[in-house]
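User: I would like to learn how to read the packing in this model. Please take me through it step by step.

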Amino acid sequence: MSSSVPALVALPAQCVPVSGLGHIAVAVADLDAARAFYCDVLGFADSGSDVLPDCGRHRVVAAASGQRVALTVDAALPPADTGIHQAYRVTAGARQGILDRLAAHNIAVSSYREDRPAERADNCYVLDPFGNRIQLVTASSAPHGGPAIAAIDHVGVQCIDMEWMELFYVGRLGMSVNHLVGASTAD
């Protein structure tokens with residue numbers, strides 16, 4: 001009998017505290033189209049291509065905070081209709097500018113039922129040209145704010161075993177649980 005659940009690996013006994021996100025990787029099928037969307041529409045700064053060691057073909061774009069997004073060429077694009085997403089922090093003015101550019105490119109903006117109470121009034125999502133779901137989170141003031149993306153706010157990941165994920169992210173990386181969805185089969 002085969003199982004789709006990966007074998008659990010031994011976790012280090014000590015906690016290695018993480019204080020924030022320095023970069024994330026996003027799967028794309030075309031680097032030129034990805035650069036155009038992430039830089040020209042969302043407002044990231046282009047930091048060059050193939051600059052990270054051992055990452056295959058990629059292009060790096062940067063938020064005003066210095067956090068980076070590695071746009072990696074990958075045939076395995078994200079599955080549709082999941083909670084997987086990347087959320088970027090913007091000021092209200094930057095968000096309006098991004099919404100105007102999205103409209104000029106005929107890119108639909110969507111809203112979804114928000115499970116996290118803090119995001120219910122901040123419901124603004126868009127799909128990049130490759131199906132990656134992006135959330136624009138408005139901050140009343142964002143350090144490094146300006147006309148574009150200020151920072152990576154959070155990333156929505158999908159997991160198979162929530163107890164193991166909490167053990168890893170909280171127990172080993174020192175993160176905290178901000179909101180939990182899917183703790184029971186009724187969710």
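Analyst: Start with contact, which means heavy atoms within 4.5 Å. Ile149 touches Leu42, Gly43, Phe44, Ala63, Ala64, Tyr88, Arg89, Val90, Ile98 and Leu136, leaving out residues up to four places away in sequence. Two notes on the source: this is a predicted model, where local features need pLDDT of at least 70, side-chain atom pairs count only at pLDDT 80 or more, and totals for chains, interfaces and linings use all residues. Residues are numbered from 1 along each chain as its sequence is written, and side-chain values use heavy atoms, with hydrogens and water left out.

User: How many residues does the largest nonpolar core have?

Analyst: A nonpolar core is a set of buried Ala, Val, Leu, Ile, Met, Phe, Trp, Tyr and Cys residues joined through side-chain atoms within 4.5 Å. Buried means under 20% relative accessible area, exposed over 50%, partly exposed in between (1.4 Å probe, protein chains only). Here the largest core has 27 residues. Those with the most contacts inside it are Tyr38, Phe44, Val69, Leu71, Tyr88 and Ile149.

User: Which element gives the most to this core?

Analyst: Elements are DSSP runs numbered from the N terminus: helices (H or I, at least four residues) and strands (E, at least two). α1 gives the most, with 6 residues. α1 spans 31–41. Among the other elements giving two or more residues are β4 (68–73) and α2 (92–104).

User: How many aromatic pairs are there?

Analyst: Rings of Phe, Tyr and Trp (its six-membered ring) pair if their centres lie within 6.5 Å; planes under 30 degrees apart count as stacked, over 60 as edge-to-face and the rest as tilted. A search of the whole structure finds 5 pairs. One of them, Phe37 with Tyr38, is edge-to-face, at 5.3 Å centre to centre and 80 degrees between the planes. Phe37 counts as buried, because its relative accessibility is 3%. Tyr38 is buried too, at 0%. Ring pairs link Phe37, Tyr38, Phe44 and Tyr88 into a cluster.

User: In what order do the strands of the open sheet lie?

Analyst: Two strands pair if DSSP finds at least two bridges between them. The 4 strands run in the order β1-β4-β3-β2, with mixed pairing. β1 and β2 (45–49) each have a single partner strand, so one side of each lacks a neighbour in the sheet. β2 joins β3 (residues 58–62) through 3 bridges, and the two run antiparallel. Ala45 stands opposite Ala62 in β3.
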